[in-house]
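I am opening a notebook page on this structure.

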Amino acid sequence: MRRYELMLVLRPDAPDERAAAVIDRTTRHVVASGGQIIKVAPWGRRRLAYPIDRHRDGSYHIVVFEAPAEAIAELERSLQITEDVLRYLVTRAVKPVKARRDAAGAGDSADAEDADEEIPAGSSDEDEEDEDTERIDESESEAAPAAID
C-alpha cells in the first residue's frame, strides 16, 4: 500500500454537519477499500486564488491515508459527483530518503563509530545521482503547518 494525501476544498456555505459528512464518507470509503487513515486535518476557511462557482472562499481539509492504488480511481469518482466539493487533489506522498550506513563499517562498535564520523548525516548514494533535483525538508514548508507529522 502507498501513502497518499487528499486535499479537499469544500463549499464555504455548507453547514459543518455536511462538511463532516463528506469527510466521514471519504474516510469510510478509504477504509472499505482496504486502506487506513493516517491523519485528518482541517485547515479552516481560506481565500481562493480565483472564484470557483462564484465562491471566493473555501473550507480546506487534508486527509493523509494509505490505500491500494486501485482505490484511488473510485475515491476520485465519488468526490467528483459530490456537490459540496469545489476541488480535490489526491497526490502520492513520497517519504524522504534516509542516510545509508556503509555495510563494511558495521563490523564492531569501534569501526561503527569511525564509520559514523566519516559519513555525513545527509549523504547517500542517491544524493550523488540526484544532485540536480532540489529537496524540500518538511521543516521548511510554511504552507501547511497543521498537516506535517
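At what angle do α1 and α2 pack, and how far apart are their axes? I note first that this is a predicted model. I looked up the pair: the angle is about 160°, and the axes are 10 Å apart. Angles over 145 degrees count as roughly antiparallel. That makes α1 roughly antiparallel to α2. I also checked the handedness, and the crossing of α1 and α2 is right-handed.

**Entry: the helix contact**

I listed the residues where the two helices meet. From α1 come Thr26, His29 and Val30. From α2 come Ala71, Glu74, Leu75 and Leu79.

I picked out Thr26, which sits in helix α1. Is Thr26 buried or exposed? Its relative accessible area is 5%. Buried means under 20%, so Thr26 is buried. Leaving aside neighbours within four places in sequence, I found Thr26 in contact with Leu6, Leu75 and Leu79.

**Entry: the sheet**

Next I traced the strands. There are four in an open sheet, in the order β2-β3-β1-β4, and the pairing is antiparallel. Which strands stand at the edges? They are β2 (36–52) and β4. Each has a single partner strand, so one side of each is left without a neighbour in the sheet. I noted the twist too: it averages 20° from one strand to the next.

I then took the pair β2 and β3. The two run antiparallel and are joined by eleven bridges. I looked up one partner: Val40 is bridged to Val63 in β3.

How do the helices lie on the sheet? I find α1 packed on the sheet, touching β1, β2, β3 and β4. The direction of α1 makes about 135° with that of β2. I find α2 packed on the sheet as well, touching β1, β3 and β4. The direction of α2 makes about 170° with that of β4.

**Entry: the cores**

Which residues touch the most other members of the largest nonpolar core? I got Leu6, Leu8 and Phe65, out of 17 residues in that core. Two or more residues each come from β1 (2–10), α1 (16–32), β3 (55–67), α2 (70–80) and β4 (85–92).

Last, I logged a second, separate core of nine residues. Trp43, Leu48, Tyr60 and Leu86 are among them.

Conventions
Residues are numbered from 1 along each chain as its sequence is written. This is a predicted model: local features need pLDDT of at least 70, side-chain atom pairs count only at pLDDT 80 or more; totals for chains, interfaces and linings use all residues. Side-chain values use heavy atoms; hydrogens and water are left out. A nonpolar core is a set of buried Ala, Val, Leu, Ile, Met, Phe, Trp, Tyr and Cys residues joined through side-chain atoms within 4.5 Å. Buried means under 20% relative accessible area, exposed over 50%, partly exposed in between (1.4 Å probe, protein chains only). Two strands pair if DSSP finds at least two bridges between them. Axes are lines fitted to C-alpha atoms, for helices over the stretch in contact, and angles run from 0 to 180 degrees between N-to-C directions. Contact means heavy atoms within 4.5 Å. Angles under 35 degrees count as roughly parallel, over 145 as roughly antiparallel, 65 to 115 as roughly perpendicular and the rest as oblique. A crossing is left-handed if the near helix is turned anticlockwise from the far one by less than a right angle, and right-handed if clockwise.
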